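Please look over the sequence and the structure shown below before reading on. The report that follows takes up a few parts of the fold in turn.

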Amino acid sequence: MTTTVSYDDVAGLAGTDLGYTDWLEVTQDRVNLFADATDDHQWIHVDPARATEGPFGAPIAHGFLSLSLTVKFWSELFDVTGVSTRVNYGLDKVRFVSPVKVGARVRMTAVIAEVTEVKGGYQFAVDQTIEIEGAEKPAVVARGLYRFYA
């Protein structure tokens with residue numbers, strides 16, 4: 001469920017738990033498209049037959065593919081009305097904790113850790129965790145930095 005707030009109300013949102021996104025299946029097609037976009041065609045990602053015999057027992061998503069899903073998931077969890085521009089400003093403390101096997105389902109949970117005023121807007125530091133359905137450890141833990149300008 002998306003939390004939607006007015007730009008005028010964002011300053012006090014530090015500590016807000018945004019909950020969870022819906023689950024998303026990581027398909028081989030998505031992995032292959034990411035491999036084409038990044039020119040990273042390592043066999044553990046794009047050769048299902050060989051990957052079955054590899055260290056993970058199946059093809060896995062690129063770590064940066066899993067991380068890039070934070071953009072999709074962030075927009076599912078949070079929106080600010082009354083802004084002219086939204087910017088993905090950066091990332092802090094990124095860790096690829098567990099590989100995501102093709103066919104696994106992932107989702108994100110997020111907590112707004114900090115809200116800081118910047119020139120012309122606000123910056124949010126958001127603690128994001130990409131979870132793998134049925135797994136003990138998450139796929140990705142990162143602090144996303146987002147800016148909203150009036």
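Is D79 buried, exposed or partly exposed? D79 counts as partly exposed, because its relative accessibility is 26%, where buried means under 20% relative accessible area, exposed over 50% and partly exposed in between, with a 1.4 Å probe and protein chains only.

## Basis of the model

This is a predicted model, in which local features need pLDDT of at least 70 and side-chain atom pairs count only at pLDDT 80 or more, while totals for chains, interfaces and linings use all residues. Residues are numbered from 1 along each chain as its sequence is written, and side-chain values use heavy atoms, with hydrogens and water left out.

## Helix α1 and its surroundings

Helices and strands here are DSSP runs numbered from the N terminus (helices H or I, at least four residues; strands E, at least two). Helix α1 covers residues 28-38, and within this helix Q28, V31, F34 and A35 are buried. Seen down the axis of α1, the buried residues fall within an arc of 125°, so they line one face of the helix; the arc is that of the directions from the helix axis to the C-beta atoms.

On the other side of α1, D29, L33 and A37 are exposed. The cover over the buried residues of α1 includes α2 (43-46), α3 (48-52) and α4 (63-77), and just after α1, D39 takes a positive phi of about 55°.

## Salt bridges

Side chains of opposite charge can pair when their charged atoms come close. The structure holds six salt bridges, each being a side-chain nitrogen of Lys or Arg within 4 Å of a carboxyl oxygen of Asp or Glu. One of them joins D79 to R86, with the closest N and O atoms 2.8 Å apart, and R86 is partly exposed, with a relative accessible area of 47%.

Another salt bridge pairs R105 with E133, again with 2.8 Å between the closest N and O atoms. This pair links distant parts of the chain, 28 residues apart, since R105 lies in strand β6 (residues 105-118) and E133 in the loop between β7 (121-132) and β8 (140-149). R143 forms a salt bridge with E114, the closest N and O atoms being 3.5 Å apart, and this pair too links distant parts of the chain, R143 in strand β8 and E114 in strand β6, 29 residues apart. R143 is buried, with a relative accessible area of 16%, whereas E114 counts as partly exposed at 39% relative accessibility. Salt bridges that share partners join E114, D127 and R143 into one network.

## The nonpolar core

The largest nonpolar core has 36 residues, and those with the most contacts inside it are F78 and F124; such a core is a set of buried Ala, Val, Leu, Ile, Met, Phe, Trp, Tyr and Cys residues joined through side-chain atoms within 4.5 Å. At least two residues of this core come from each of α1, α4, β4 (78-81), β6, β7 and β8, and α4 gives the most, with six residues.

Leaving aside residues up to four places away in sequence, the residues that F124 touches include V10, L13, F78, I112, E114 and Y146, where contact means heavy atoms within 4.5 Å.
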